[in-house]
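Please keep the sequence and the structure in view while reading.

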Amino acid sequence: MNTAVLFDRYGAPDALYATDVPIPAPGPGEVVVRYTAIGVNPIDWKILNGGLRAHIPMELPGGCLGVEAAGVVVDVGGGVRRFRVGDPVIRHGRPGTYREYEAVPASQAADELTPQPGRFSAEQAAVLPVAAGTAYSALRQVELRAGERLLVHGASGGVGLATVQLAMLMGAAEVVGTASAHHHDLLRRLGVTPVEYGDGLLERLEELGPFGASVDCAGGSQPTEVAVRLVSIPGRRVTVADLQAQARGVPLLDHVPLELASTLDLIGHSPFELPIAARFPLAKAGEALELGMRGGVGGKIVLLPGQ
């Protein structure tokens, strides 16, 4: 059978339940993927609580969360030439990965499946799309240039950690990242200059500037104010976390096409890793969401089917 974690009503994580559903058969142009690791992200609980229903409507009852996962192709539908049984893949995009098996469109135009590079474990591959893909689009949007100094708000979160590493691969001269003090050692190991949140943040950052561009991965009034004060050109600021910041001078992220494939091309064989902060069996997805909602995890959360 195919274990799936579903919900029938919008609400808190306790609305989720695990159930067995049939293993799907692939339709024309589809493959069936057996997931080995599934990423957990803030968008999951924002969908669950109904906050995004105007933008990402769910078919209820039987809604399924999850926008990223890694797995293996186990069946191939008619007309598919891009993948074969046994191929490791990364699934990304629309919700639906909180399950063991899923039928997924296989075309590159659909942009839901990307071949998994052999250098990445299943867990690492599963958490790449949201964090690394978003970071890549953000850095392209602000047009980061080699030799520049970059400011990253929320540098210890999943997207933040990906942003600082990709910025260095793009040739940033220095990356300054805001984060809670207990995450500073991690950031220093990645080559980041850490700065603590709180009163006096603007003054602390002014001493480290000027900055060519800024990426806000945290959201809130303070990162927005600081970005506007320290980066003079609006097009060289971006937020991935605050829908209200655009009205205050920090543009919202616009994802680029084939985002994950482009990100993987940039990474190549360079050092790159997103810390895995917690692992949960798929059936305990509600507990995983509760942990993520508390914040301050300092890495990614993954669900492991079959455990």
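Leaving aside its neighbours within four places in sequence, which residues is Tyr-136 in contact with? The model is a predicted one, in which local features need pLDDT of at least 70 and side-chain atom pairs count only at pLDDT 80 or more, while totals for chains, interfaces and linings use all residues. Residues are numbered from 1 along each chain as its sequence is written, and side-chain values use heavy atoms, with hydrogens and water left out.

With contact taken as heavy atoms within 4.5 Å, the partners of Tyr-136 beyond four places in sequence are Leu-166, Met-170, Val-256, Glu-259, Ser-262, Thr-263 and Leu-266. Tyr-136 itself belongs to helix 3, residues 128–141; helices (H or I, at least four residues) and strands (E, at least two) are DSSP runs numbered from the N terminus. Its relative accessible area is 9%, so Tyr-136 is buried (buried means under 20% relative accessible area, exposed over 50%, and partly exposed in between, with a 1.4 Å probe and protein chains only).

Helix 7, residues 221–230, has the buried residues Pro-223, Thr-224, Val-226, Ala-227 and Leu-230. These residues lie on the same side of helix 7 because they cover an arc of only 165° around the axis, the arc being that of the directions from the helix axis to the C-beta atoms. The cover over them includes strand 9 (149–153), helix 6 (201–206), strand 12 (213–216) and strand 13 (237–239). On the face of helix 7 turned away from the buried side are the exposed residues Ser-221 and Arg-229.

After helix 9 comes Gly-295, with a positive phi near 80°.

For the chain as a whole, the secondary structure amounts to nine helices and 15 strands. The chain is as compact as a globular protein of 307 residues, because its radius of gyration of 19 Å is close to the 19 Å of the globule rule; the radius is taken over C-alpha atoms, and the rule is 2.2 Å times the number of residues to the power 0.38. Of the 307 residues, 52% count as buried. Among contacts between residues at least 6 apart in sequence, 67% join residues at least 24 apart.
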